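Here is a short tour of a two-part packing story, written for someone who likes to check contacts for themselves. Have the viewer ready and follow along.

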Amino acid sequence: MNINKTAHVFFIVLTIGLLAFFPIKDKSADRLEIGEKAPLTDVEVTDVSGEVLTLEEVAGENGLLVNFSCNTCPWVEAWEDRYNPIAELAKNNNIGIIALNPNAAIRDDGESMEDMKERAESSNYQFYYALDKQARLAEAFGATRTPDIFLFNSDMELVYTGAIDDNAKSAEEVEQTFLKNAIENLVAENEIDPNTTKALGCTIKWPE
Amino acid sequence: MMGNSVVFKCILVIGFVVSTNVAVGVAQTTTSDSDPLLQDITGEELQQVINSYKGEKAVLINVWATWCAPCIDEFPYIVELQRKYQDEVQVVFISADFPDSRDRAKDFLKEQEVDWTTYFKTGKDQPFIEALSENWSGALPFTKILSRDGQVVASWEQGAEYEKFENNIKKALIN
């Protein structure tokens, strides 16, 4: 009876152990999906100017553009020459725009508010650049990298997310201006296609 | 009667584990003089490289870049694990550096004493990302581990410690 019981327990333990080694599905990030509402729109963030803002306040009549960005990522640097033209396009179409810096783990290593102020000045940012304290907004949006784009309509529903365009390194060699098209189609009330794109970027440096 | 049934099940399970562990295809790939350390590759070509190990080795794919701090931090762990499991696992490094940093990437590989073929991402981001994993957002570093039969055992964005890599390699080898 005891041998039987021991063997039974051994079998169960062995089976559970083996289950741990079965293949698992790729882990997916909990990212906002098209049609979902912007989260935490009432959370206050501080801009490099010292102004305290919420996403609700930044949003324009036709929507809101959020760009998770930072100071230390070469991909941001590569795309940065398109930041101001996009900001101008957004503003001209009554879409509010803000860049948020989520790199909470390396605030002492190039991502502090002081560093952000310097970056905004040296790159002549024509849009809000605010600190996403403890990366709360990035986490709620399901952002993963910098730069990472989220475009919302006037109801604050996500209509486009992903990349600025299809060529980080060279604005001249861009073949598909994803974000520009999305903004123009949003305002013209046309379908946005594609509404989701991907590009390489730096991982967000999440707080410990 | 019940006791015999349980013992029989145990024997079956142990037999399965032992057989999957001994059925190891061995094919060490190191660079020869004719093979560059850093070969250009598209997403489609990468899939062919990965498929070439199917049935022989588990595969650890790691997308990295010289400017990516977590990539640089974890890189030596992966090199060490390639040496430790060289007969059972193939590490496929892909540099996602910009073209003007290619030499820097090559220097880093030499510094890390990498002596097998690695790859340099070419072409557009999106098809490359999608060729590797539909759930990868594009953030670096990215790691994906496949069992010998090509099943995904684990994949993740962000850097990792030695233990995470090794634990998942072990899972890949048992699958």
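This is a predicted model: local features need pLDDT of at least 70, side-chain atom pairs count only at pLDDT 80 or more; totals for chains, interfaces and linings use all residues.

**Strand E7 of chain A**
- Five of the five residues of E7(A), residues 148-152, are buried, so the strand is largely enclosed by the rest of the structure.
- Burial covers both faces: Asp148(A), Phe150(A) and Phe152(A) lie on one side, with Ile149(A) and Leu151(A) on the other.
- E7(A) pairs with strand E3 (residues 63-68) of chain A in the antiparallel sense, over five bridges. In this pairing, Leu64(A) stands opposite Phe152(A).
- Strand E8 (residues 158-162) of chain A also runs antiparallel to E7(A), and four bridges join the two. Here Phe152(A) has Leu158(A) as its bridge partner.
- The hairpin of E7(A) and E8(A) has five residues between the strands, and Met156(A) takes a positive phi near 60° in that hairpin.

**Val58 of chain A**
- Val58(A) sits in helix H2, residues 55-58 of chain A.
- Val58(A) has 20 other C-beta atoms within 10 Å, and the cut-off for burial is 20 or more, so this residue counts as buried.
- Leaving aside residues up to four places away in sequence, Val58(A) touches Leu53(A), Leu64(A), Gly96(A), Ile98(A) and Tyr128(A).
- Between the C-alpha atoms of Val58(A) and Ala140(A) there are 18 Å, with the two residues 82 apart along the chain.

**The largest nonpolar core**
- This core holds 97 residues, and the members touching the most others are Leu64(A), Ile98(A), Leu100(A), Leu151(A), Trp64(B) and Leu140(B).
- E2(B) gives the most to this core, with six residues.
- Leu140(B) has contacts in both chains, again not counting residues up to four places away in sequence: among them are Leu200(A), Cys202(A) and Thr203(A), as well as Trp64(B), Cys68(B) and Cys71(B).

**Helix H3 of chain B**
- With 16 residues (69-84) and 1.5 Å a residue, H3(B) should span 22 Å; its end C-alpha atoms are 24 Å apart, which agrees.
- H3(B) bends by about 35° at Phe75(B), and a proline, Pro76(B), follows within four residues.
- Its buried residues are Cys71(B), Glu74(B), Phe75(B) and Ile78(B).
- Those buried residues pack against strands E2 (58-64), E3 (89-95) and E5 (139-140) and against helix H6 (162-174), which belong to chain B.

Methods
Residues are numbered from 1 along each chain as its sequence is written. Chains are lettered from A and ligands numbered from 1 in the order in which they are written. The expected span of a helix is 1.5 Å times one less than its number of residues. The bend at a residue is the angle between axes fitted to the seven residues ending there and the seven starting there. A residue is buried if 20 or more other C-beta atoms lie within 10 Å of its own, exposed if 12 or fewer, and partly exposed in between; C-beta atoms are placed from the backbone. Two residues are in contact if their C-beta atoms, placed from the backbone, lie within 7 Å. A nonpolar core is a set of buried Ala, Val, Leu, Ile, Met, Phe, Trp, Tyr and Cys residues joined through C-beta atoms within 7 Å. Two strands pair if DSSP finds at least two bridges between them.
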